[in-house]
Amino acid sequence: MIVPCYNEGPVVRGVLEKVREHFPHVVAVDDGSRDNSASEIVAAGARLVQHPVNMGAGAAYQTGIEFALRDPDAQIFVTFDADGQHRVEDVVSMVEHLRKSDVDVLIGSRFLGTVDGMSRSRRALLRAAVVFERLTTGISLTDAHQGLRVFRRSFAGVLDLKSHDMSWASEFLTRMSEHQTTYEEYPVHVLYTDYSRAKGQRSINSVNIGVDVLINKMLRGR
């Protein structure tokens with residue numbers, strides 16, 4: 001499991017301890033945090049990998065995936081947020097489902113499952129993101145920017161995220177489209193707390209992410 005972390009000191013230890021009750025192999029990437037995130041990761045028993053400076057979520061995910069790929073026994077990869085929004089029970093169900101299915105990628109969907117504490121503006125932005133991703137990647141989802149994703153080693157090996165910021169989620173879908181990756185969505189529960197809402201992306205960042213996605217697609221197409 002890959003868990004990116006940036007200034008999540010207040011919650012990351014509890015999140016990782018719950019995760020490790022079911023998944024002992026956890027790589028937590030401290031993305032240049034300025035708080036005590038690194039020591040909390042170590043205290044939780046996860047494997048700590050550090051960026052010397054903040055590089056962004058996409059870079060943290062790619063670092064964690066590359067680290068995990070060094071283990072030849074790692075066959076199923078999971079991306080999981082450090083802020084407490086996701087449930088470990090959903091990961092357990094998704095991993096079991098992937099093992100029994102023929103698809104390469106499972107993407108969690110809060111809109112097929114349940115979501116608590118989401119603002120109307122956030123819901124509207126995520127709905128718009130679904131349309132944007134369908135137009136730019138050809139991948140049709142109900143929840144295009146969900147951080148909870150489970151995928152096979154074969155896809156992890158070709159993912160190669162270049163987007164350092166939150167546009168990693170869009171690049172993930174682009175890579176799926178390029179490699180004609182088989183996928184399904186899976187219903188999950190997402191909980192927005194006061195803490196996670198305070199850490200969340202501002203609305204204007206959604207515009208910036210969209211611009212980044214289009215620029216990256218043009219550069220990759222050269």
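**Figure 1. Overall fold of the predicted model.** Residues 24 or more positions apart account for 73% of those contacts in the protein that have a separation of 6 or more. The coordinates are those of a predicted model. The protein contains nine helices and seven strands. Of its 222 residues, 49% count as buried.

Figure 2. V3 belongs to strand β1, which spans residues 2-5. Its relative accessibility is 1%, and V3 is therefore classed as buried, the cut-off being under 20%. Leaving aside residues up to four places away in sequence, V3 touches L16, V26, V27, A28 and V29, together with F80, D81 and A82.

Figure 3. At least two lining residues are supplied by each of α3 (57-69), β4 (76-79) and α4 (88-100). The largest share, three residues, comes from β4.

**Figure 4. Helix α4 and its buried side.** Helix α4 has 13 residues, and the distance from its first C-alpha to its last is 19 Å, close to the 18 Å expected at 1.5 Å a residue. The buried residues of α4 are V88, D90, V91, M94, V95 and L98. These residues lie on the same side of α4 because they cover an arc of only 145° around the axis. In an α-helix there are 3.6 residues a turn, so residues three or four places apart point the same way. The elements against which the buried residues of α4 pack are the helix α1 (12-20) and the strands β4, β5 (105-116), β6 (149-152) and β7 (183-191).

**Figure 5. The enclosed helix α7.** Helix α7 covers residues 168-178 and is largely enclosed by the rest of the structure, because nine of its eleven residues are buried. The buried residues are W168, A169, S170, E171, F172, L173, T174, R175 and M176. α7 is followed by Q180, which has a positive phi near 50°.

Figure 6. D160 is located in the loop between α6 (153-159) and α7. Although D160 is not a glycine, its phi is positive, about 50°. The relative accessibility of D160 is 29%, so this residue counts as partly exposed. Q180 is found in the loop between α7 and β7. Q180, likewise a residue other than glycine, has a positive phi near 50°. With a relative accessible area of 72%, Q180 is exposed, the cut-off being over 50%.

Technical notes: Residues are numbered from 1 along each chain as its sequence is written. This is a predicted model: local features need pLDDT of at least 70, side-chain atom pairs count only at pLDDT 80 or more; totals for chains, interfaces and linings use all residues. Side-chain values use heavy atoms; hydrogens and water are left out. Helices (H or I, at least four residues) and strands (E, at least two) are DSSP runs, numbered from the N terminus. The expected span of a helix is 1.5 Å times one less than its number of residues. Buried means under 20% relative accessible area, exposed over 50%, partly exposed in between (1.4 Å probe, protein chains only). The arc is that of the directions from the helix axis to the C-beta atoms. Contact means heavy atoms within 4.5 Å.
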